[in-house]
Amino acid sequence: MDMKTYIETEGRDAARRLAFLAGTNYVYLTQIASGFRKPSGRLVLLLEHHSNGKLTRHELRPDLYPET
């Protein structure tokens, strides 16, 4: 699932919790969702972990984490 879909399906409150757990803020997640920003490799791993795998490293940054 990509970030835009995550925010749409899980809701803003869940995205805010995810941002907090990953050490970033909700606005940054919306910028990722809109394609304005790309998350760092470290942030991608945190987002994958704290979303319980709903967000995957490959979907967030296929340039860094190609599908195997």
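Helix H1 (3–10), helix H3 (26–34) and H5 each give at least two residues to the lining of the largest pocket. Helices here are DSSP runs of H or I with at least four residues, numbered from the N terminus. Before going further, a word on what you're looking at: this is a predicted model, where local features need pLDDT of at least 70 and side-chain atom pairs count only at pLDDT 80 or more, while totals for chains, interfaces and linings use all residues. Residues are numbered from 1 along each chain as its sequence is written, and side-chain values use heavy atoms, with hydrogens and water left out.

**The pocket**

Back to that pocket. It holds about 150 Å³ of space. Of the 13 residues lining it, Ile-32, Arg-37, Pro-39, Glu-59 and Leu-60 are the closest to its centre. A pocket, on a 1 Å grid over the protein atoms alone, is an open set of points where a 1.4 Å probe fits, with protein on both sides within 12 Å along at least five of seven lines; lining residues have an atom within 4 Å of a point. The volume is the space filled by probe spheres set on the points, which are joined across faces, edges and corners. What classes of residue make up the lining of the largest pocket? There are six nonpolar, no polar and seven charged residues. Nonpolar covers Ala, Val, Leu, Ile, Met, Phe, Trp, Tyr, Cys and Pro; charged covers Asp, Glu, Lys and Arg; the others, Gly among them, are polar.

Now for H1. Its buried residues are Met-3, Tyr-6 and Ile-7. Looking down the axis of H1, these fall within an arc of 95°, so they line one face of the helix. The arc is taken from the directions from the helix axis to the C-beta atoms. Buried means under 20% relative accessible area, exposed means over 50%, and partly exposed is in between (1.4 Å probe, protein chains only). On the other side of H1, Glu-8 and Thr-9 are exposed. The buried residues of H1 pack against helix H2 (12–22), H3, helix H4 (41–50) and H5. After H1 comes Gly-11, with a positive phi near 95°.

Gly-41, Leu-43, Val-44, Leu-47 and Glu-48 are its buried residues. Seen down the axis of H4, they fall within an arc of 160°, so they line one face of the helix. Arg-42 and His-49 are exposed on the face turned away from the buried side. The partners that the buried residues of H4 pack against are H1, H2, H3 and H5.

| Residue | Relative accessible area | Class |
|---|---|---|
| Ser-51 | 3% | buried |
| Arg-61 | 12% | buried |
| Tyr-28 | 22% | partly exposed |
| Asn-52 | 71% | exposed |

Ser-51 sits in the loop between H4 and H5. Leaving aside neighbours within four places in sequence, Ser-51 is in contact (heavy atoms within 4.5 Å) with Tyr-6 and Leu-18. Asn-52 is also found in the loop between H4 and H5. What is the phi of Asn-52, a residue other than glycine? The value is near 55°, which is positive.

Tyr-28 belongs to helix H3. Tyr-28 and Glu-48 are 20 residues apart in sequence and 16 Å apart in space, C-alpha to C-alpha.

**Arg-61**

Let's finish with Arg-61, in the segment after helix H5 (57–60). Which residues does Arg-61 touch, not counting residues up to four places away in sequence? They are Lys-38, Pro-39, Ser-40 and Val-44. A polar atom of the Arg-61 side chain lies 2.6 Å from the backbone oxygen of Pro-39. The Arg-61 side chain also makes a polar contact with the side chain of Asp-63, at 2.7 Å. A polar contact is a pair of N or O atoms within 3.5 Å; within protein, one must be able to donate a hydrogen and the other to accept it, and residues adjacent in sequence count only if both atoms are side-chain atoms. As for Leu-45, Arg-61 is 16 residues away in sequence and 10 Å away in space, C-alpha to C-alpha.
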